[in-house]
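Below is a briefing on selected contacts, helices and surface features. The sequence and model come first, followed by notes grouped by topic.

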Amino acid sequence: MIPLGMKRLDEVLGGGIEEGSSLAFVGSICRDNIVLMHQLVFNLLKAGYRVLIVEFRQSPDMLRKELLHYNIDYSGFVENGQLRIFDGFSNLYGVERIQGANVLSNPLDLGITSAVIRDTMSGGGFDFLVIDDLNVLYTLQSNSKAYLRAIVRLVNSIKRKGFQTFAAFSEDVFERSDLTAGLMPFDYVFDVRDGYITLRRSLQPLKIPSPKVPYIKTELGVEAILERHTTLESIKRDLWLDDEGNLWMGDSRVQLINEDSEASLVEFVYEYLGPEDGKRFLYLWGRKEFIGIGRAARNQYDNLRDALLSVKFATESSGGGRIEIVEVQEDFVVLRGRNLFPSRKGYSYQFHINYAGELSQFLTEFTGEQWEGEEVKCQSMGSEYCEFVFRRKK
């Protein structure tokens with residue numbers, strides 16, 4: 001197995017990809033798939049593998065400048081010969097032919113281009129071929145079927161020689177049937193868009209069902225959200241204020257809420273609805289807030305305890321207080337909280353019923369069975385800690 005160097009993907013794949021396999025990165029106009037592809041290439045270079053990149057989308061210099069925005073610097077690997085970049089862009093559009101050792105003289109001649117790539121892979125001792133990307137040549141073809149046949153032959157011939165191929169596709173560019181045909185020789189297919197990395201195809205059985213990894217695109221490229229937001233500093237890095245007074249965390253609009261404001265809301269609910277209806281409202285509010293969180297965690301973690309640890313870290317890193325996992329059984333879970341947000345002293349009713357709702361929703365989605373929870377102790381009512389008990393419904 002070859003680790004890709006991205007913790008969450010390697011966990012989903014059970015350690016990495018099979019040697020001799022090929023990977024396709026499918027995306028959209030946002031090009032997150034291309035960023036992820038180069039992140040993994042960069043990791044492979046750091047692990048000692050040799051890589052040949054064929055660049056059709058832009059000049060190699062522009063590619064390297066683009067990737068610097070994501071802290072991917074190929075310079076040292078180019079200088080030591082571990083990485084070679086073929087310019088398949090310049091002669092696609094120029095009137096005068098550009099010559100050079102790393103320039104493809106006629107990229108649209110697929111027979112010659114494929115032969116040069118195969119010979120270079122064999123003679124250069126490379127481990128990986130990276131094609132960035134296949135969309136440009138596709139749009140310039142008068143016969144798309146012939147182009148797809150050439151791509152399939154190239155990837156399969158590279159595989160037969162014992163090398164591995166990474167290639168990028170855009171579903172916004174390819175006709176659906178053409179994309180399906182183009183993906184035929186690839187052993188793994190990663191779909192990267194709209195905040196999720198989805199594994200469409202894998203050689204080996206995956207460790208989790210419905211593998212979707214939520215991500216955010218940052219100055220470090222495509223990062224798994226559950227890895228990114230584990231510290232206050234990482235959350236601060238993703239906060240930004242636009243000219244219209246909107247505060248954003250990545251692509252989500254947020255607002256800073258102080259403790260008095262949040263506590264006043266809880267108090268108002270009890271005062272307006274009464275103790276029983278107030279508890280029910282706060283509980284259901286919590287469930288509503290956590291819709292989708294458990295499903296996302298199910299795609300990341302093999303067991304419930306690790307999934308609950310992710311909630312613990314997210315709560316603590318965002319200033320929500322401390323969570324302690326006391327007991328995790330098949331149909332019974334106990335958690336404790338200290339200094340949970342918001343807090344009130346000497347209050348008459350449980351102040352953190354929404355946490356019980358949130359975690360009940362989380363457990364329901366993660367396990368696929370219904371769970372209910374309650375806050376049986378609360379610091380706001382004088383207890384040493386808040387205690388939450390959750391039971392799987394029979």
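R57 and D132 form a salt bridge, with 2.9 Å between the closest N and O atoms; the term covers a side-chain nitrogen of Lys or Arg within 4 Å of a carboxyl oxygen of Asp or Glu. The model is predicted, and local features need pLDDT of at least 70, side-chain atom pairs count only at pLDDT 80 or more, and totals for chains, interfaces and linings use all residues. Residues are numbered from 1 along each chain as its sequence is written, and side-chain values use heavy atoms, with hydrogens and water left out.

**Salt bridges**

- The R57–D132 pair links distant parts of the chain, 75 residues apart: R57 is in the loop between β2 (51–55) and α3 (60–68), and D132 is in strand β4 (residues 128–132). Helices (H or I, at least four residues) and strands (E, at least two) are DSSP runs, numbered from the N terminus.
- Both R57 and D132 are buried. Buried means under 20% relative accessible area, exposed means over 50%, and partly exposed lies in between, with a 1.4 Å probe and protein chains only.
- The count of salt bridges comes to 23.
- R392 forms a salt bridge with E369, and the closest N and O atoms are 3.2 Å apart. This pair also links distant parts of the chain, with R392 in strand β16 and E369 in the loop between α16 and β15, 23 residues apart.
- R392 is buried at a relative accessible area of 17%, whereas E369 is partly exposed at 39%.
- E374 and R391 form a salt bridge, their closest N and O atoms being 3.5 Å apart. E374 lies in strand β15 and R391 in strand β16, so the pair ties together parts 17 residues apart in sequence.
- E374 is partly exposed, with a relative accessible area of 40%, and R391 is partly exposed, with 43%.

**Aromatic contacts**

- The structure holds 20 aromatic pairs. Rings of Phe, Tyr and Trp (its six-membered ring) pair if their centres lie within 6.5 Å; planes under 30 degrees apart count as stacked, over 60 as edge-to-face and the rest as tilted.
- The ring centres of Y138 and Y147 are 6.2 Å apart and the planes are at 50°, so this pair is tilted. Y138 and Y147 are both buried.
- Y270 and Y349 make a tilted pair, with 4.9 Å centre to centre and 35° between the planes. The pair links distant parts of the chain, 79 residues apart: Y270 is in helix α12, and Y349 is in the loop between β14 (332–338) and α16.
- Y270 counts as buried at 4% relative accessibility, while Y349 is partly exposed with a relative accessible area of 30%.
- One aromatic cluster is formed by F25, Y49, F128, F166 and F190.
- The charged end of R50 sits over the ring of F126, 4.9 Å from the ring centre. A charge sits over a ring if NZ of Lys or CZ of Arg is within 6 Å of the ring centre and within 35 degrees of the ring normal.

**Helix α16**

- Helix α16 (residues 353–367) has 15 residues and should span 21 Å at 1.5 Å a residue; the end C-alpha atoms are 21 Å apart, which agrees. The expected span is 1.5 Å times one less than the number of residues in the helix.
- Of the 15 residues of α16, 14 are buried, so this helix is largely enclosed by the rest of the structure.

**Nonpolar surface patch**

- F268, Y272, L273 and F281 make a nonpolar surface patch of about 450 Å². Patches are made of residues with over 30% relative accessible area and no salt bridge: like charges are joined within 9 Å, and nonpolar side chains (Val, Leu, Ile, Met, Phe, Trp, Tyr) within 5 Å. Accessible areas come from the Shrake-Rupley method with a 1.4 Å probe; for residues, only the protein chains shown count as cover.
- Helix α12 (residues 259–273) gives the most to this patch, with three residues.
- Y272 is found in helix α12 and is exposed, with a relative accessible area of 63%.

**Y385**

- Y385 is placed in the loop between β15 (371–377) and β16 (386–392).
- Y385 is buried, with a relative accessible area of 11%.
- Y385 and D32 are 353 residues apart in sequence and 44 Å apart in space, C-alpha to C-alpha.
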